[in-house]
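Have the sequence and the 3D view open as you read.

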Amino acid sequence: MEFPIEKFKALRTPFYYYDTALLDETLQEVKEHLQPNWQVHYAVKACTNPKILRHVVAAGFGADCVSGGEIQASLDAGFPADKIVYSGVGKSDWEIELGLMVGIQCFNVESVPELEVINELAKNHGKIAQVALRINPNVGAHTHENITTGRAENKFGIAWEDTYNVIERCQQLDHIECVGLHFHIGSQILEMDDFATLALRINELQEMLETYGIRLPNVNVGGGLGIDYDNPDAHPIADFKAYFETFRRYLQLRRGQQLHFELGRSIVAQCGTLVGKTLYVKEGSLKKFAIIDAGMTELIRPALYGAVHKIENLTSTESEECVYDVVGPICESSDVFVKDYRMPKTRRGDLIAIRSAGAYGEIMASQYNCRPLPESFTSEGLCCQ
Ligand code: LLP
């Protein structure tokens with residue numbers, strides 16, 4: 001990725017930088033693989049920056065939300081309400097009411113008590129709520145423990161074996177219309193076999209339901225496609241071809257069924273970079289530390305999941321390389337971006353880029369240590385200044 005380094009030098013660090021040309025290219029690539037009865041709902045939780053949402057709206061995608069706040073942010077950005085789906089194990093009454101009032105496409109329901117509350121609230125407002133049942137397919141994805149969601153022990157979804165009973169329960173509730181099945185097995189998944197396994201599980205479930213004469217109009221397979229954190233420049237766009245091909249090949253949709261996807265990370269991760277500045281280089285007794293002004297408050301993924309993002313010194317002209325622990329300024333031992341990392345000799349003032357930070361970066365920022373939230377810039381914004 002080319003960075004406008006001279007313009008960066010004039011900005012206060014740390015900040016997020018989004019390459020919207022890459023984002024647009026990514027969105028186009030996704031669209032090229034879609035079939036007429038497929039719909040992508042961008043998982044807003046990955047990045048809710050309005051400058052990013054605007055591009056996703058322009059590409060014609062729907063939104064996948066997990067809170068009332070996200071529904072509001074999606075509406076504000078211009079997503080049509082009838083392209084919004086809403087998941088989450090713990091939906092508050094006001095959030096459900098917001099979804100009902102604006103007329104979202106579908107509530108992805110995760111339990112019977114939730115179903116009953118939605119029915120009650122829909123009744124109060126004279127509405128019929130369209131719901132999809134989030135079924136836990138008991139598929140273990142090959143990814144980090146904290147971001148796998150589809151196993152029986154996870155808190156998400158309705159148990160596989162309860163599917164028929166819950167559909168029956170929907171039929172008893174006057175203000176509920178069950179329109180689909182929903183699944184999500186985890187995030188940062190690079191093995192297409194995991195998605196193939198999910199597709200086969202869905203086939204199994206659909207066959208079982210058909211023995212009861214049940215066929216629902218929508219199947220939603222969630223998100224989860226991973227990206228290349230090690231080599232963002234070699235793979236700036238995720239392998240959408242392999243991903244969509246897997247579902248095309250293994251998932252047996254029934255006549256008239258719509259297939260829905262909820263991709264987050266794979267759409268926005270590579271276009272975002274966290275930019276910080278080196279404050280000090282400290283020679284410890286065992287290690288060299290490059291202490292930068294960005295920390296876990298701006299990007300918590302390394303501390304929370306042991307994630308490793310590629311780091312580049314944008315301004316060094318040194319040919320000599322050194323090994324550093326690149327760390328932030330926060331008063332926490334886990335405020336470390338990477339340990340024992342080889343990079344060009346670094347000095348105070350050097351700009352440091354932390355790559356592939358567009359997803360679950362800015363949106364997970366906190367104000368811990370009374371730090372201000374980071375500012376953001378886009379390639380469009382910077383080239384026009
Ligand atoms: N649908 C549902 C129901 C989800 O829970 C998620 C993500 C997605 C779609 C989008 O998944 P994606 O395509 O982005 O993998 N903060 C973590 C990731 C948490 C993912 C939560 N759910 C991280 O930084 O790795």
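What follows is a short tour of the domains, the ligand and a few residues.

## Before we start

This is a predicted model, so to speak of local features takes a pLDDT of at least 70 and side-chain atom pairs count only at pLDDT 80 or more, while totals for chains, interfaces and linings use all residues. Residues are numbered from 1 along each chain as its sequence is written, and side-chain values use heavy atoms, with hydrogens and water left out.

## Two domains

The chain is assigned domain 1 (5-12 + 270-383) and domain 2 (20-268); such bounds come from an automatic or database domain assignment. To the contact, domain 1 gives 23 residues and domain 2 gives 25, where contact means heavy atoms within 4.5 Å. Taken over C-alpha atoms, the domain centres are 33 Å apart.

How much area do domain 1 and domain 2 bury between them? It's about 2,100 Å², with 51% of it on carbon and sulfur atoms. Buried area here is the accessible area (1.4 Å probe) that two parts lose on being put together, summed over both. On the domain 1 side, Gln270, Cys271 and Tyr360 supply 33% of the area buried against domain 2, more than any other three residues.

## Around the ligand

There are 17 residues around the ligand, and Ser187, Glu262, Arg301, Tyr305 and Tyr360 come nearest. To be near, a residue needs a heavy atom within 4 Å. The shell splits into 6 nonpolar, 5 polar and 6 charged residues. In this scheme Ala, Val, Leu, Ile, Met, Phe, Trp, Tyr, Cys and Pro are nonpolar, Asp, Glu, Lys and Arg are charged, and the others, Gly among them, are polar.

Now for some polar contacts (pairs of N or O atoms within 3.5 Å). A polar side-chain atom of Ser187 sits 2.3 Å from a ligand oxygen. Gly224 uses a backbone N or O atom, 2.9 Å from an oxygen of the ligand. A side-chain N or O atom of Asp64 is 3.3 Å from a ligand nitrogen.

Look for Arg201 in helix H8 (residues 192-210); helices (H or I, at least four residues) and strands (E, at least two) are DSSP runs, numbered from the N terminus. The Arg201 side chain reaches the backbone oxygen of Pro137 at 2.9 Å.

Most residues other than glycine have a negative phi, and most peptide bonds are trans. Thr13 and Pro14, however, are joined by a cis peptide bond, with omega about -5°. Asp340, in strand E15 (residues 336-344), has a positive phi of about 50°.

Key: A polar contact is a pair of N or O atoms within 3.5 Å; within protein, one must be able to donate a hydrogen and the other to accept it, and residues adjacent in sequence count only if both atoms are side-chain atoms.
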